[in-house]
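Here is a short briefing for a first look.

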Amino acid sequence: MESITKIYDNKIGISFQWKENKANLIQLIFRDTGFHLKEREIEEFLEKVMDSRQQKNCDTCIKGKHCKSILLQTPSDKISLAVSLVELGQIDDLLRGTLFQLRMNNYLNDICKN
């Protein structure tokens, strides 16, 4: 863990940067999936999460909020994920928390330069 800088974590996953990262990519890992994304791609992913909230589960589904019937598009047009409403909320929190922490760190670094 000495080679990474943790940005944010929650029940579903973690975001971090590799200390030797020259491309400013953020590693997001949730479930069994890892993404290397730029800040703008995380923003795009968050927009796709918000779009996915419009999808509804089947009225007769016995799994309710835990049914993996929501199709979540990712920043890659070649990858979509099947998630539950619960997971969608956790992914939303992971993305928002990551963006908040990145922006807070950038803000503090700018203030400290002066």
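Helix α2 (residues 85-113) gives the largest share of the lining of the largest pocket, four residues. The model is predicted. Start with the pocket, then turn to the helices.

**The largest pocket**
- The space in the largest pocket is about 160 Å³.
- Its lining is made up of I7, Q17, N24, I26, E39, L102, N105, N106 and N109.
- By type, the lining residues are five polar, three nonpolar and one charged.

**Helix α1**
- Helix α1 covers residues 39-52, 14 residues in total.
- From first C-alpha to last, α1 reaches 20 Å, close to the 20 Å expected at 1.5 Å a residue.
- Its buried residues are I42, F45, L46, V49 and S52.
- Seen down the axis of α1, these buried residues fall within an arc of 115 degrees, so they line one face of the helix.
- In general, an α-helix has 3.6 residues a turn, so residues three or four places apart point the same way.
- The cover over the buried residues of α1 includes β3 (26-30), β4 (33-37), β5 (70-73) and α2.

**Helix α2**
- Helix α2 has 29 residues, which should span 42 Å at 1.5 Å a residue.
- The end C-alpha atoms of α2 are 42 Å apart, which agrees.
- Buried in α2 are E87, L88, I91, D92, L94, L95, G97, T98, L99 and L102.
- Of these, L102 is also one of the residues that line the largest pocket.

Conventions: Residues numbered from 1 in each chain as written. Predicted model: local features only at pLDDT ≥ 70, side-chain atom pairs only at ≥ 80, totals over all residues. Heavy atoms only, no water. 1 Å grid on protein atoms, 1.4 Å probe; cavity = no way out; pocket = protein on both sides within 12 Å on 5 of 7 lines; lining within 4 Å. Points joined across faces, edges and corners; volume = space filled by probe spheres on them. Helix = DSSP H or I, 4+ residues; strand = E, 2+ residues; numbered from the N terminus. Nonpolar A, V, L, I, M, F, W, Y, C, P; charged D, E, K, R; others polar. Expected span 1.5 Å × (residues − 1). Buried < 20%, exposed > 50% of the residue type's maximum accessible area, 1.4 Å probe, protein only. Arc of directions from axis to C-beta. Contact = heavy atoms within 4.5 Å.
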